[in-house]
Amino acid sequence: TYTTDTKSREENKKTLESLYSLSVDITKIRRLKEWVLLQDVAYVTEIAGILQEMGADETTVANIIERCPEAILRTPAEINSQRALWQLVCQNEKQLIKLIEQFPESFFTTDYQQNQKANILFFQELGLKNNIITRFLTSAPNIFYNPVEKNKNVIETLQRNYLNLGGSEANMKIWILKLLSQNPFILLNTSTAIQENLEFLQKNDFTDQEVLQLLSKLKGFIFQLNSTTMQKSMLFSKNIFKCSDQELKQLVLKCPALLYYSVPVLEERLEGLLKEGISIAQIRETPMVLELTTQIVQYRIKKLSALGYDIKSGNLESLNGTKKDFEVTYGKIQSKKERPIFNPVAPLQIED
């Protein structure tokens with residue numbers, strides 16, 4: 001624990017001198033985390049030395065310290081342990097230093113080294129590739145702070161449910177690995193919450209096969225929800241689309257966002273579509289359009305309108321999909337518009 005009482009203390013002169021010698025921009029640190037400069041003990045030279053040993057040049061070292069000043073408060077022993085830990089999944093030190101430069105906070109959080117190591121080994125045993133584990137270490141570091149037993153428990157709950165829902169033993173490993181690589185944050189949930197959400201879907205008459213389908217489509221986000229929000233979102237959709245329970249179920253299977261997004265989000269997106277002159281009937285026909293933000297919808301409608309495509313009378317399918325999907329659709333409409341109409345059997349107009 002470091003003190004943050006800045007009033008009664010002065011900046012550590014030795015720390016400042018060491019940082020100056022490394023060409024670190026101290027004003028950035030003052031603005032970001034001034035309390036680091038007030039600590040009695042800092043390991044500026046030692047940490048810089050370890051980073052240089054790994055292949056970092058002076059600019060890289062300065063950049064890392066400016067972005068994550070608390071790195072200099074870690075002991076050389078802690079950093080060397082962390083280095084050995086990350087080397088379990090990094091190809092070489094060149095890749096490691098690149099990751100540290102991009103995600104210094106993840107690397108310099110050294111308080112959970114035992115849990116980190118146990119989890120890295122568990123993920124490797126599970127069959128996750130090292131490049132996926134390094135992605136987790138940098139973008140979802142909190143999942144490594146859990147005791148490994150907690151993560152194992154969540155995985156076992158998922159495996160058990162997958163088999164109970166009719167999934168095959170042969171496909172289970174692929175399913176789990178895909179789910180984890182799409183959304184590692186499912187490990188931050190409790191196995192009880194996962195169980196409750198699956199039971200909610202079954203109580204709402206989704207068949208086992210349909211529940212499996214939803215889990216794959218939602219990329220595990222369903223586990224970050226709770227039955228209350230899902231119930232509210234489904235009720236909202238049922239009232240808006242004026243449909244029966246069976247019809248609602250089909251809409252949800254077509255567009256899991258109706259289950260995932262909260263009522264305020266769905267309301268805002270619906271309102272944005274209606275303002276553009278799109279009807280409820282059109283949205284019901286292509287509910288996936290609700291997966292897009294209002295800004296994206298407005299931008300895409302504007303682009304299509306410039307080509308003379310009337311979205312009010314057309315199909316909303318042209319709005320759907322990722323940025324790449326939309327660009328393909330847009331390109332097709334554009335080339336269709338620009339292509340001259342040529343009738344191969346019409347007589348040619350030839351002047352005498």
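## Overall build

The secondary structure of this protein consists of 20 helices and 0 strands, and the model that shows it is a predicted one. Along the principal axes, the C-alpha atoms occupy a box of roughly 85 × 70 × 45 Å. The radius of gyration is 28 Å, whereas a compact globule of 352 residues would have a value near 20 Å.

When contacts between residues at least 6 apart in sequence are considered, 73% of them join residues that are at least 24 apart.

## Helix H13 and its cover

Helix H13 spans residues 208-217, and its buried residues are Glu210, Val211, Leu212, Leu214 and Leu215. An α-helix has 3.6 residues a turn, so residues three or four places apart point the same way. With that in mind, the reader can look for Val211, Leu214 and Leu215 among the buried residues of H13.

## Positive phi angles around the helices

Lys242, another residue other than glycine, has a positive phi near 45° and lies in the loop between helix H14 (227-241) and H15. Is Lys242 buried or exposed? With a relative accessibility of 71%, Lys242 counts as exposed.

## Ser237, a buried residue in H14

Ser237 is found in helix H14, and its relative accessible area is 2%, so Ser237 is buried, given that buried means under 20%. Leaving aside residues up to four places away in sequence, Ser237 touches Lys242, Leu248, Leu258 and Leu266.

## Aromatic rings

A pair of aromatic rings is described by the distance of the centres and the angle of the planes. Counted by a rule that takes ring centres within 6.5 Å as paired, the model holds 9 aromatic pairs. In one of them, Tyr162 and Trp175 are stacked, with 4.5 Å from centre to centre and 25° between the planes. This pair links distant parts of the chain, since Tyr162 belongs to helix H10 (residues 148-164) and Trp175 to helix H11 (residues 169-182), with the two residues 13 apart. Tyr162 and Trp175 are both buried.

Elsewhere, ring pairs join Phe122, Phe123, Phe136 and Phe144 into a cluster.

## Charges over rings

Which residue has its charged end over the ring of Tyr261? The residue is Arg269, whose charged end sits 4.4 Å from the centre of that ring. In a second case, Lys303 lies over the face of Tyr330, at 4.3 Å from the ring centre.

Definitions and conventions: Residues are numbered from 1 along each chain as its sequence is written. This is a predicted model: local features need pLDDT of at least 70, side-chain atom pairs count only at pLDDT 80 or more; totals for chains, interfaces and linings use all residues. Side-chain values use heavy atoms; hydrogens and water are left out. Rings of Phe, Tyr and Trp (its six-membered ring) pair if their centres lie within 6.5 Å; planes under 30 degrees apart count as stacked, over 60 as edge-to-face and the rest as tilted. Helices (H or I, at least four residues) and strands (E, at least two) are DSSP runs, numbered from the N terminus. Buried means under 20% relative accessible area, exposed over 50%, partly exposed in between (1.4 Å probe, protein chains only). A charge sits over a ring if NZ of Lys or CZ of Arg is within 6 Å of the ring centre and within 35 degrees of the ring normal. The radius of gyration is taken over C-alpha atoms; the globule rule is 2.2 Å times the number of residues to the power 0.38. Contact means heavy atoms within 4.5 Å.
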